[in-house]
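Subject: Structure handover

Hello,

Here is the structure for you to look over. My notes on what was found follow below.

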Amino acid sequence: MELEQESELPKEYVLVSPATRAGEQFMQLLKVKGIAFAAIVNSYAEKVKLERMGVTHVLLLDTQRQEEWTIPQLAVGKVYLFERSLPLCCRYIQMCRTWTSEPIYVITESSNSRMIYRGLGANHIVHTNGGSVAFLL
C-alpha cells in the first residue's frame, strides 16, 4: 500500500513566486489543470494569504541570509517567477538555479531587467502587461 501512495506523488513540482495578480491567477490555473506546484514567498503574511487561498505547498524562504538557502524537501521542476521587485527576483533566481536544471521563467512588466535575469540563470524572460499568462503552460 505504501508503494501505491508514493507512485501517486508527483515527480516534480512547478515552483511559482506569485508576487503579482498574474502570478496568483497562474497558480489557480495550475490547480485547475491538476499540475503539482509549490509557491515560494519571503514573508509570513504572504504565506498565510496563499494558504487561505488554498495553496497546499508554500515555502517560506529567508532571502536575506544566503547561508539559510537550503534545498526544499520536494523535487523542483520548472520555475515561474512573477516579478514585483528586481532585488527579490534576483535572489529567487539565485536560489532556484541551484535547485533545478529545468527552465526558469521570469514574468515581468518591465523591459529593463532582461540581461540581469539572464546573467543570474533565468532561461526565459516574458514581458507582459499584467494580463493572462496561461500561454506559459
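A residue counts as buried here if its relative accessible area is under 20%. Please keep in mind that this is a predicted model.

Both Phe26 and Tyr80 are buried by that rule. For Phe26 the relative accessible area is 1%, and for Phe82 the value is 3%, so Phe82 is buried too.

On the aromatic side, the structure holds 3 aromatic pairs. In one of them, the ring centres of Phe26 and Tyr80 are 4.7 Å apart and the planes stand at 55 degrees, so this pair is tilted. Phe26 belongs to helix α2 and Tyr80 to strand β4 (residues 76–82), so the pair ties together parts 54 residues apart in sequence.

Phe26 also pairs with Phe82: the ring centres are 5.6 Å apart with the planes at 50 degrees, and this pair is therefore tilted. Since Phe82 lies in strand β4 and Phe26 in helix α2, the pair ties together parts that are 56 residues apart in sequence. One aromatic cluster is formed by Phe26, Tyr80, Phe82 and Tyr105.

Glu24 sits in helix α2, which covers residues 21–33. Its relative accessibility is 9%, so Glu24 counts as buried. Leaving aside residues up to four places away in sequence, Glu24 touches Pro18, Lys49 and Met53.

Regards

Methods: Residues are numbered from 1 along each chain as its sequence is written. This is a predicted model: local features need pLDDT of at least 70, side-chain atom pairs count only at pLDDT 80 or more; totals for chains, interfaces and linings use all residues. Side-chain values use heavy atoms; hydrogens and water are left out. Helices (H or I, at least four residues) and strands (E, at least two) are DSSP runs, numbered from the N terminus. Buried means under 20% relative accessible area, exposed over 50%, partly exposed in between (1.4 Å probe, protein chains only). Contact means heavy atoms within 4.5 Å. Rings of Phe, Tyr and Trp (its six-membered ring) pair if their centres lie within 6.5 Å; planes under 30 degrees apart count as stacked, over 60 as edge-to-face and the rest as tilted.
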